[in-house]
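Hello,

Here is the structure I promised to pass on. Have a look at it first, and then read on for a short tour of what turned up.

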Amino acid sequence: MVMNSSDRTLEEILNLAAVHFRVPREKLQPDDDFFKTLGIDSLQTLDLLTKLENHFRVELPDYELQGVSDFRTLADRIRARL
Amino acid sequence: MNQFKGEALSWTVKDGIVELALHREPCNELGLLALEEADQFVGSLAKLSGEAHALIIFSSVRAGFSAGADLRELYQLLQTSERDQFLKSVRARVERAHRVINAIDASPLTTIAAVHGVVFGGGFELALGCDLIIADKTARFCFPELRLGLIPGWGGIPRLKRDLGNALVRDLLLTGRSFGATKVQQAGLVSQVVAEGEALRVARATAVQLSKFDRHTATTAKKFIKPIPYEELQREIDIFCELFSRPAVERGLRQFVKCRDAQPYLPR
C-alpha cells in the first residue's frame, strides 16, 4: 500500500511514540488520546515534543498542543510546519 | 566544606572541578529547602574557589535540570499565611535566589550548566548564571511565568538581555513557549548540544580543558566580558514582587496546583 504524505507523518509519529515510551506499536491508534494511552504527564509530553521536533526538523511551539490529545491532530500540526 | 550531601543538592570537589548536583525528585523544584542548601553552597564557594578552576552544575534527576520554583510550596504558603506575611516571604525568597545566582555569576571559577530535559523558570535562571550551558538534545528551555501572571523573578530578564537579541527575549517571555536545545544554541545561548545523557560527560571534558589556562587571566577575562547587571536585577525583584501581589498570580498558582489532567507544564 502506498502511503500519502499525511499517512506517512502520522505513521512516523506513532512509531516514534511507541519506541520512546516502550509501548507496542499495535497498541497505538491515530485517534487515541495519547495522554491516556501512553499514560504520560506534561513533562513527558514535552519530551515527546522534543523528539518530534528533532525527527521532523521543525519547530513546534508547545501552545500548538493546546487542545491536542490525539495522534492524528498532532500529525496535522506537524505537517503544517513541514 | 569540600563536600556536602543535602536533601535537594550535593557538592564535591575533585581534580580542581566543583560539581554541584541537583537531585530532588520529581524535577528539582526549587523551594525553601533547595534555596537554603544553595545558600550554604555559595557560602562555601569562596573557599572552594581557592582549590578549583571550574564549577559544573547538573541534575541527576531524570525529568530534567529543574522545573523552577516550587509552585506547590508557594501555593500552600499562600493558603496558610496572612497576606502581608506571605508577600514578605515571597520577597525574602526572591532575594535569596538572587544572592545565590549572583554569587555563581560572579564566581572566579568558570561555571558550566550541564542540562537535560526541563530547564524552566528558576531552573533556566540558574543556568543563565553560568558562563557556559551544555545541553543534551532533550533539553527544553522555557520562561512560563507569564502563564502565572508573573515575569521571571530570579534574574532571568537582565541575564537574557545580556546574552541574547531582544527579539528572542520577547519571544521567550511573551509567548511563554518552550524552546528546544538546537534553537537555543542557534540563538547563541547554548554552547554545545550533545547526545542524550552526555551533557555531564562533555561538561567534565570541557572543565578539564579549562584547567590548562592561567586562572588569574581567565578570571580577569570573565569579569571584563560578563558584567552583572545589578541595578536591573534589583528592579526585576521590585517588579516581580509588585506583580505577585495581584489576584492573577493566585489564580495562576491555583490552576497549576489543581490541574488534574497531568498537563500543568503545558500552555493552557
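Predicted model: local features only at pLDDT ≥ 70, side-chain atom pairs only at ≥ 80, totals over all residues.

**The strands around β6(B)**

That pair belongs to a parallel pairing of strand β4 (residues 54-59) of chain B with β6(B), made over 5 bridges. Strand β6 (residues 110-115) of chain B is also joined to β8(B), again in the parallel sense, by 4 bridges.

Is β6(B) enclosed or open to the outside? Of its 6 residues, 6 are buried, so the strand is largely enclosed by the rest of the structure. If you turn the view, you will see B:Thr110, B:Ile112 and B:Ala114 pointing one way, while B:Thr111, B:Ala113 and B:Val115 point the other way; all are buried.

Strand β8 (residues 132-136) of chain B is mostly covered as well, with 4 of its 5 residues buried. Besides its bridges to β6(B), β8(B) pairs with strand β11 (residues 192-194) of chain B, in the parallel sense and over 3 bridges. There, B:Ile134 has B:Gln192 as its bridge partner.

**A mixed sheet with a helix across it**

Chain B also has an open sheet of 4 strands, in the order β5-β7-β9-β10, with mixed pairing. Its edge strands are β5 (64-66) and β10 (179-180), each of which pairs on one side only. At the β10(B) end, strand β9 (residues 140-142) of chain B pairs with β10(B) in the antiparallel sense over 2 bridges; B:Arg140 and B:Gly180 are bridge partners there. Helix α4 (residues 121-128) of chain B lies across β5, β7 (118-120) and β9 of chain B, and runs at about 90 degrees to β7(B).

**Two pairs of packed helices**

Two packed helices are described by the angle between their axes and the distance between the axes. I picked out one pair from each chain.

In chain B, helix α3 (residues 83-105) and helix α10 (residues 230-244) have axes that come within 10 Å and cross at roughly 155 degrees. That angle makes α3(B) roughly antiparallel to α10(B), and the crossing is right-handed. From α3(B), the residues involved are B:Leu87, B:Val90, B:Arg91, B:Val94, B:Glu95 and B:His98, and they meet B:Leu233, B:Ile237, B:Phe240, B:Cys241 and B:Phe244 of α10(B). Sorted by class, this contact has 8 nonpolar, 1 polar and 2 charged residues.

In chain A, helix α1 (residues 5-20) and helix α3 (residues 42-56) pack at an angle of about 130 degrees, and their axes are 11 Å apart. These two helices are therefore oblique to each other, and α1(A) passes α3(A) in a right-handed crossing. On the α1(A) side the contact is made by A:Glu12, A:Ile13, A:Leu16, A:Ala17 and A:His20, and on the α3(A) side by A:Leu48, A:Lys51, A:Leu52 and A:His55. By class, that gives 5 nonpolar, 2 polar and 2 charged residues.

**Where the chains meet**

How many residues of chain B are in contact with chain A? There are 19, and they touch 16 residues of chain A. The chain B side of this contact has 8 nonpolar, 6 polar and 5 charged residues.

**Some backbone details in the loops**

- B:Glu25 and B:Pro26 are joined by a cis peptide bond, with omega about 0 degrees. B:Pro26 sits in the loop between β3 (17-22) and α1 (32-49) of chain B.
- B:Asp15 has a positive phi, near 50 degrees, although it is not a glycine. You will find B:Asp15 in the loop between β2 (9-14) and β3 of chain B, where it counts as exposed with 11 C-beta neighbours inside 10 Å.
- A:Arg57 is another residue other than glycine with a positive phi, here near 55 degrees. Its place is in the loop between α3 and α4 (71-79) of chain A, and A:Arg57 is exposed, with 9 other C-beta atoms within 10 Å.

Technical notes: Residues numbered from 1 in each chain as written. Chains lettered and ligands numbered in written order. Contact = placed C-beta atoms within 7 Å. Nonpolar A, V, L, I, M, F, W, Y, C, P; charged D, E, K, R; others polar. Axes fitted to C-alpha atoms, helices over the stretch in contact; angles between N-to-C directions. Parallel < 35°, antiparallel > 145°, perpendicular 65-115°, else oblique. Left-handed = near helix turned anticlockwise from the far one by under 90°. Buried ≥ 20, exposed ≤ 12 C-beta atoms within 10 Å, placed from the backbone. Pairing = 2+ DSSP bridges.
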